[in-house]
Amino acid sequence: MSTPLTNREGQGSGASLFYSYLWAYVLVALSGCLGNVVDGIIVGNLISADGVSAINLSKPVNQFIFTLHLLINAGAGMLVGYALGQKNISLARRYFSFSLSLSVGLGVLLALFGGVLFLDETTRLLCNNEQILPLARDYMQVLLLGNPAFILMWGLSAMVGVDGQPKLVSLAVIIDNALNLFLDIVFIQWLGWGITGSSAATVVGHLVGIAILLTHWRKPENRRLQLSMANYQFSITRKILSQGAPLAVASISLTLLLLSANRIVLSTLGQAGIFAFAVCMNLLQVYNLFLSGTCQTLQSLGAIQVGRHDAEGLRLVLRKAFRFITIAMVVTCLFVWIDPQAIAALFGANNPDYIAETDSALRIFAISFIPFCYIYVLMIVYKLHGHHHMALFISFALSLTVIPVMWLISRTAPQLLWYSYLIAYLVEAVLIFLLHRWLRIHFLLRS
């Protein structure tokens, strides 16, 4: 039986279906991308270039908080979906209740230990530059104290989405990020809170996003998921954590990469280097805008074709996905190469050393992220075809390959440090090719 993607008379409708998914996911990713990039631009221009560096040095904390979300809510969201599909509302409510309890509980513990008791130790672990240290401390304190709002926002997004309201999730995410940007200006410039205002704006944005998501329960038909702590069983918690563990482990790898890369760049190239690296990480957000939209579309439509055992439909989805990501990467790369100094100035750089360092770094990173994007999309392809071990290998390698390459170059040829990511991703591409051939993997739909 033909599908909308394979019907010969409906090729146009197949393309429309692909792009309707794609642009919906890109819109959500665009909100997050603008939230991160414009946040850095505002801080760079209203505070200083070192403020941008301080935010980048704090990103391992952000990633660790996100890891907690994945550990708890990613697994719980899948379990809730399974239970709802089986019409087991009681079990779905238990998964929902325990995941929210774990989210709030771990968030409060992290706020207490990281934001109050061991704030200075946490800050010095991430930043060893005395000039940037006070900015990083002020930013991280509010970030850690407000982390329960981060976890709860992402957790409720997962639950509302699996309960059939993805549009409400999109609305909450978009308003969250838009309010964050507006409050950045209010808190930093009008109220004079400095870099503390930037992290406070993020927390307030999440609180408003939570309030929007809670409107899901206003309608009686949306009250399948309710808090229910009756008959607590440790097995429920174990299932939630074990389901989210693979994603959490991969996220921990990324946390280690962010922490290691920041320390290596700061110790090797100083303040100018860490500012350039912060701008490059913001450039990665632009690539991730297109990458996230492509991969989510690929997973959604690709999974449908796999479920139908429609090889032709899956090939059509893959062709469109790779075509779109290729065009997006080429355009982004050309844009960066035209005038990288203007991008540095956009983030508040007025020091000639900062501008020069960012100029060379951006040109190299613009190329480095191209193999990264292809490898990431390839990871989704392996998952769709049931080769989960290869997908997991790629997930780990994307983060962990960079660390030894960057460390080795910093010790032997520090002037080539910006090539670390490009070299690491090319090495990984070779390893994937060799492993693919050695395991004799074939991209065939499994029955």
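Is R124 buried, partly exposed or exposed? R124 is partly exposed, with a relative accessible area of 47%. The model behind this value is predicted.

**Overall make-up**

The chain holds 16 helices and 0 strands. Of its 447 residues, 52% count as buried. The accessible surface comes to about 20,100 Å², and 66% of that area belongs to carbon and sulfur atoms. Consider contacts with a sequence separation of 6 or more: residues 24 or more positions apart account for 81% of them.

**Salt bridges**

Side chains of opposite charge can pair when their charged atoms come close. The structure holds 3 salt bridges.

| D120, 42%, partly exposed | R137, 29%, partly exposed | 2.6 Å |

The bridge between R137 and D120 links distant parts of the chain: R137 sits in helix α6 and D120 in helix α5, 17 residues apart. The D359 and R363 pair lies within helix α13. These two residues are 4 residues apart, so about one helical turn separates them.

**Around T123**

T123 lies in helix α5, which spans residues 119-126. Its relative accessibility is 2%, so T123 counts as buried. Which residues does T123 touch, leaving aside its neighbours within four places in sequence? The contacts are L133, A136, R137 and M140. Helix α6 covers residues 133-145.

**A nonpolar patch**

L106, L109, L112, F113, V116, L117, F118 and L145 make a nonpolar surface patch of about 700 Å². Helix α4, residues 89-117, supplies the largest share, 6 residues. L145 belongs to helix α6. L145 is partly exposed at 41% relative accessible area.

**An enclosed helix**

Helix α2 runs over residues 49-57. How many of its 9 residues are buried? The count is 9 of 9, so helix α2 is largely enclosed by the rest of the structure. The buried residues are A49, D50, G51, V52, S53, A54, I55, N56 and L57.

**Packing of α11 and α13**

Two packed helices are described by the angle between their axes and the distance between the axes. Helix α11 covers residues 311-338 and helix α13 residues 352-384. Their axes come within 9 Å and cross at roughly 170 degrees. Angles over 145 degrees count as roughly antiparallel, so α11 and α13 are roughly antiparallel to each other. On the α11 side, the residues that meet α13 include L314, L318, F322, I325 and M329, along with C333, V336 and W337. On the α13 side, the partners include L362, R363, A366, F369, C373, Y374 and L384.

Notes:
Residues numbered from 1 in each chain as written. Predicted model: local features only at pLDDT ≥ 70, side-chain atom pairs only at ≥ 80, totals over all residues. Heavy atoms only, no water. Patch = residues over 30% accessible without salt bridge, like charges linked within 9 Å, V, L, I, M, F, W, Y side chains within 5 Å. Areas by Shrake-Rupley, 256 points an atom, 1.4 Å probe, with all protein chains shown as cover. Salt bridge = Lys/Arg side-chain N within 4 Å of Asp/Glu carboxyl O. Buried < 20%, exposed > 50% of the residue type's maximum accessible area, 1.4 Å probe, protein only. Contact = heavy atoms within 4.5 Å. Axes fitted to C-alpha atoms, helices over the stretch in contact; angles between N-to-C directions. Parallel < 35°, antiparallel > 145°, perpendicular 65-115°, else oblique.
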